[in-house]
Amino acid sequence: MKEKRIAHVGSLEVDISEVVRDPRGHEDEIVEIMENDFVEGRHSNFGGWITLLPDAADIAELDYALLSRYPPLYTDPEGVCTDCGLGPCNLEDGQGKCGLDMEALQGRLSLRKACRGCMTQMVASRQLLDYALKRWPEATPVSMGEILSISDHAPAISVLSGIHVKTIKDLNRVLTYGEGQLAKLFQASYSGTGTAVNFESMVLHAGSVLLLAMGVAEMLKISCYGFISAANQQLDGIEQFPPATLSCGWASIESGKPVVAFVGDDFLPAWCAVDQMKQDALTEKIEICGLGATGDDIVRFYDRGRIIGPAVRAPKAIRNGLFDVVVISPGCVPLDLLSEAERAESKAIWVGHNGSGDLPDSTDQPIDRIVDRLAGGEKAVWIRDPEKAGKVALQVALRVKRGAPRIISDADAMKQAKGHKHDCDLCTMVCPVGLPVSRAVRQLSGGDWTGFFEVEKGCNFCGKCEQACPSQVHLRDIIVAAERKGAGNDKFVMRPGRGPISITELLQSAFAVGWGSIPAMVTIFGCGDAHRDEIAWIASELLNGGCMVFVAGCAGAEVARSFNQAKKKHLFQQYNATCASRNIVNCGSCSAICHAVPMYLMLRPSGGIPLFGNLPPLGDSISLGGAQTIILWGALPDRMYAAAAAWARLGSTIIVGPASSLGWKRYLVGNRYDRSKWWVRHGETGKRREVEPVKEHMVVPVETKEEALTMLARSVLNVRDYRESRLTHLEVLIDYCERFYQQLPEDWWLAVRSDFELPPRYRRHMVSLLESEHGWETEGVKVNKARHRDGRMMTMSEFAANYGMEQGIYCTRLRSLLPLRLRDTAED
Amino acid sequence: MTVGEVAGVKIPPGREYQLPTDPDHLWDGLKDIGLGIRWVAEVKKSDMQIELSGPKWEYKSYTILEIIEEPGKVRNGIVTLIGPDIHEVEPGSSFPSAWDIKVYGQGITQRHREYIERQMAMSLHGVEGYMAFGSFQSPWMRISKSVAGRLTFAKLCQVIHAYVKTVVPQVEAMEFRWIIASPEVGGLALIEPLYKVGIQRLKAQELSVSLEDEDVDIFYGCTICKSLAPNHVCVITPSQIPYCGILSYNGAQVTVELDPEGYIFPMRKGECKDQTMGSYTGVDEAVYERSNHQIKHANVFSAIKYPTTNCGCFEGAAFYIPEVDGLGLAIRRYIGVTPLGVKFSRLAGMISGGSQNHGNKGISVRSIQSKTFLKGDGGWNRIVWMPADMKKELAEYIPEEVYDKIATEQDTVDPVELKKFLKEKKHPIVEKYWKDGEPQPLKVPLPGGDWPRE
């Protein structure tokens, strides 16, 4: 029998077997976590649990609580299931052979989408880890940075896994766990049975696993690959870290120098190339560019890197013909970049782990030979060794002398445009984002490029217009030419990604968030691309409105392009970059999503909630009391679908923009009219209490940028709002509704707990409406009696005890999070 | 007598404006200005249209809110502006200023002044393009060029007028006089004598409502953080404000009066069991009831023995250093190591979440200025270490004879070195608490535990 292990939690001596079902040999670590991260007051009141390396089912109580309030809503459902050899089954006629019904199939497909998204990151993280294991000993210490303590050093990893990561070996352990979980989820996404909610619970788990994989990647980037990290900086001066001085965009590339571009998720070839450039003193001689995640990563270890655009823009960028060499790795979206490179006569190096087309694997060939082949006329090679790929890229760039970029001439473009069928609108009709292509063609036939400048901005380069064109106009070439014309002005200054956030830094603003003077902590993820102007508008509005804004992924460089004419500054130059009001923090590439808006970091000191293997109290707490919202905007790959699930499980609302929502078929939406859904358990009695239908949705689509802001204002109204924060949150919602729709939101009165929480400027009017439209008893700016939703008239103290949570009382949606003395006796 | 009369200064005539006083029209005409606390922002020097007071004028300016208890003495909604308006000055101008605000309302007394001041500050901070630093005694205001065409001094007064009358409906009349002391108006020569009288009035107002713990029968409790730290109860007495520093005893009292369903509640003081420690029967009862029956006894003036519980929002913390039997202090923005060998963030994590952590107590910066600060542990005679910045900031509240004897991180963070330092500097702790030049460390019970009976 194993020795009993005791951890000292304050004055308590706790047998670790009370906390961990199966310690799996991690006893020492669990004792360390308990003694450093558990708080006695909380433990004696609530007990504690570390769900070490959990399966989805181990933490599903939280998922089911969330999904019962925010059930899945599927759009454009699939009716036929072809997942197994027994089928196909037409579920529109009833259940399939495995018992699956139509709604459950949508859940299964939703899980598949989340798994695909999670997998792209998992593979990228594994790539980084395997390379690290090759270069450094397993015992090499890792961290997100030196100034973080045990609790905040890697919450994206620890909150799910319960592991305190200290070495590369630990990272391997957690990533192996993540891979195992992903395999289980993938299996369920093809052969799982059950209800839609069962599957959606696993979708949320896929999100958590994605976050873990992102955390692993970030820790490796910082510890092994020399990425800058805000957690290696003193807090003094952090508001300007890193400085907003990085020049990016087409016009930042110094002319006359060879240009190497890196595209995709894998920055390792770029990292090796930069290392080589430094050794060979080539940094002044070669320009290094990046597209997509790699671009965002390069600028965290190389301050001369240039971000050109998001991954989805890569085909257009490559056809632009400015790159001498393009190093292509698998990315978040599948793109035929090798063909584009060939067309533009750029030399291509494919560094994927799987082959592409008929490219032979040149990994084992000597560098000189590969360089000779490319310089001698071969168009592309496949090299699986990042070091070799990096060296080859540099040498080829120095040897290849390219002519002028092959851009369609103005005369040719006009000639083609003149040849189009004048009464044809097919190109416009097939455009998935509705761009006015045919009008642009007509304008160009008269020599006017204006229309194509507009089309270019919104174009995702899918090529549907070209395929549809009966006159064979080379529309994409013309679009690239339009981009080329504007490239001379495409230069912006940005702040590279900074990595993690510390509890100490975040707590500087804890009050401002709690009291509402920071109305929301908002993170903007997404590709931007065609929608970058909207993203920039949203970011600017939020910053002007006093929010704390985070960006991660390609959205970071996209908002950076926004230029304020009056101030003559780009967006990152206008604002500081710490966790405070009117600050914008660029966390980094996609994997840095795991750092963004860590409301849970605030709950660690303020609520004593441990951050190891402890998702349910965090998700529960933030869903009831966190002013944290995510906005996803632009054409989004599946990775964002899983990322949305991750943050939803941590209690945030996810607002999905119009382009993204085209590809999404599942939302998690609440129903404010269904009163049975809006309850919490009172922390002192355990009884259920009806509450306001606030934080109305979990994953919700919007159609316009204005709607995004009003939805955001709705999303930060929460059950645990203090007086002051409820007032601010209501005020923001009303301001936006008045400004954009010239009316009050129809349901504002459902969020009223006291006249004290009505914005002073609107208070008299709102109080009079409470009386005239809702039957409350009022006098001037005061409410004397309220009418409960069940129709009863109540004094304000009765109302406070019957609707919404009383101020300053703990509450929860989960029975397991009631104080121990109430847990077994609380009624259902 | 008016401030001008007392100061013997002739104040030039100004322009008068009548603000809307009909309750349905208090906010009329303000739609073109962003209002709400989220508009709190910084106005940089390069962006400012006008600056009032501040370091350039050695803070020789004031804002005074006077509660007039006699009816008919306050001209309702009148603003008298003496000097130029916002749009009438050269961008970037800076002048001293004197702002007198009078308030009348049936039942509104000196006790309400702090609460109304807070509402005034809330309303002003939330005006687009307006920035304020400092206290009423040393104000520093800036107004941005971006609102120069839209915002006027009368509109700023209107915001306060409308806001205060809405949130404190008992207020019936408010009158404003604002002197913008451009050189034409009289500059600093006009303001300085007014300032001297004004400051005396402000101090007299403070004194008129200042209370000692002995003067009251009711303390207040705050459980706002309980929604996160379920066992936590904050105790507010005249001398002890909450750790988060957001309000005082008077503020708590008026808040309960106006908002009885809020998160602040009256707490019977009960019988005083120990004046030095700040031990009261009423406090013990209330804390027990509201801490899920977890905390049986709490001393208001001690960090070492049965301190009150800690939420997570404290501005700073006091912590026991056994090696020297003394207390250290640290505030959140200090990111170095403390003599406990941990940083503030770790310390905060260990002691928060609503536990009673003997030897550790959350503190607010303002409570450090109180006479009863850690009185139960020996007050400043027991404090041996604090961060240098914090020490400098609080210099005027630290007894002169101890000031140089308190170590900072610039002296040492090592307990052994600290012991040497205290001996060398002859810190009072050596004489009063140590025995034969050696500290006598207490055996501090674990959190939630009991001290042995003495």
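Let me start with a term: contact here means heavy atoms within 4.5 Å. Angles run from 0 to 180 degrees between N-to-C directions, and axes are lines fitted to C-alpha atoms, for helices over the stretch in contact. Helices (H or I, at least four residues) and strands (E, at least two) are DSSP runs, numbered from the N terminus.

Now, hello everyone. What you see is a predicted model, where local features need pLDDT of at least 70, side-chain atom pairs count only at pLDDT 80 or more, and totals for chains, interfaces and linings use all residues. Residues are numbered from 1 along each chain as its sequence is written, chains are lettered from A and ligands numbered from 1 in the order in which they are written, and side-chain values use heavy atoms, leaving out hydrogens and water.

Let's look at the sheet in chain A. Its 6 strands run in the order β9-β8-β7-β10-β11-β12, an open sheet with parallel pairing; two strands pair if DSSP finds at least two bridges between them. At the edges sit β9 (306-309) and β12 (380-382) of chain A, each pairing on one side only. From one strand to the next, the twist averages 20°. Strand β11 (residues 347-350) of chain A joins β12(A) over 3 bridges, in the parallel sense, and A:Ile349 stands opposite A:Val381 there. Across β11 and β12 of chain A lies helix α12 (residues 367-375) of chain A, at about 155° to β12(A).

Next, the inside. A nonpolar core is a set of buried Ala, Val, Leu, Ile, Met, Phe, Trp, Tyr and Cys residues joined through side-chain atoms within 4.5 Å. Buried means under 20% relative accessible area, exposed over 50%, and partly exposed in between (1.4 Å probe, protein chains only). The largest such core has 241 residues, and A:Ile349, A:Met34 and A:Trp664 are among those with the most contacts inside it. Helix α7 (residues 196-223) of chain A gives the largest share of this core, 16 residues.

A:Met34 belongs to helix α1 (residues 27-37) of chain A, where 8 of 11 residues are buried, A:Met34 included. Among the partners of those buried residues are α6 (168-191) of chain A and α7 (344-351) of chain B.

Finally, how many disulfides are there over all chains? The count is 0, taking a disulfide as a pair of cysteine sulfur atoms within 2.5 Å. For A:Cys98, the nearest cysteine sulfur, that of A:Cys81, is 6.1 Å away. A:Cys469 is buried, at 12% relative accessible area, and its sulfur is 6.5 Å from the closest one, in A:Cys424, too far for a bond.
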